[in-house]
Amino acid sequence: MRTLKKQQGLGLLSWILVLIIAGFFLLCAFKIVPLYAENRYVVSGLQSLADAGSPLEEMSDMEIKRKMANFYMINNVRSEGPKNIEIQRDAKKLIVKIDYESRVTLFDNAPFIRTLDVVVVFKNHLDSSRPNQCCTPVSE
């Protein structure tokens, strides 16, 4: 019977520790998840290029960039990284590359930490010879 009385659950310090750990993971999620959500729009834009009515090889570089810029404007893509569109033309195929990194600050001027940033690198490639494998890096 004595052991049942002593089992009371977490103490105050334990609860504070649990809340600090949960707060850290929530902070990370609130800062990092929007980066991945924005990259989903970049992937959707590349897929819309592959699904367009005219073949990708027949489009000019300016037309491809204009379509992507319109897609970004409609879907509220704000970061500058996805706007770095590189287009490579070969005899048989066209590759559209959108490689960028996004940086977000987790802690700024916190005690013991001057600045802590998280950098996420995205590599989105569209190969016109394999449009069904959209947005995976092309092996050289």
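Colleague: What percentage of the contacts in the protein with a separation of 6 or more is accounted for by residues 24 or more positions apart?

Modeller: The model is predicted. Two residues are in contact when heavy atoms lie within 4.5 Å. Among contacts with a separation of 6 or more, the share of residues 24 or more positions apart is 54%.

Colleague: In which pattern do the helices and strands follow along the sequence?

Modeller: The protein has three helices and three strands. Read along the sequence, their pattern is α-α-α-β-β-β.

Colleague: Is D127 buried or exposed?

Modeller: D127 belongs to strand β3, which spans residues 113-127. A residue counts as buried under 20% relative accessible area. The relative accessible area of D127 is 3%, and therefore D127 is buried.

Colleague: With the side chain of which residue does the side chain of D127 make a polar contact?

Modeller: A polar contact requires a pair of N or O atoms within 3.5 Å. At 3.0 Å, the side chain of D127 makes such a contact with the side chain of S129.

Colleague: How far apart are the mean positions of the positive and negative charges?

Modeller: The protein carries 18 positive and 15 negative charges. The distance between their mean positions is 13 Å.

Technical notes
Residues are numbered from 1 along each chain as its sequence is written. This is a predicted model: local features need pLDDT of at least 70, side-chain atom pairs count only at pLDDT 80 or more; totals for chains, interfaces and linings use all residues. Side-chain values use heavy atoms; hydrogens and water are left out. Helices (H or I, at least four residues) and strands (E, at least two) are DSSP runs, numbered from the N terminus. Lys and Arg count as positive and Asp and Glu as negative; His and the chain ends are not counted. The place of a charge is taken as NZ of Lys, CZ of Arg, CG of Asp or CD of Glu. Buried means under 20% relative accessible area, exposed over 50%, partly exposed in between (1.4 Å probe, protein chains only). A polar contact is a pair of N or O atoms within 3.5 Å; within protein, one must be able to donate a hydrogen and the other to accept it, and residues adjacent in sequence count only if both atoms are side-chain atoms.
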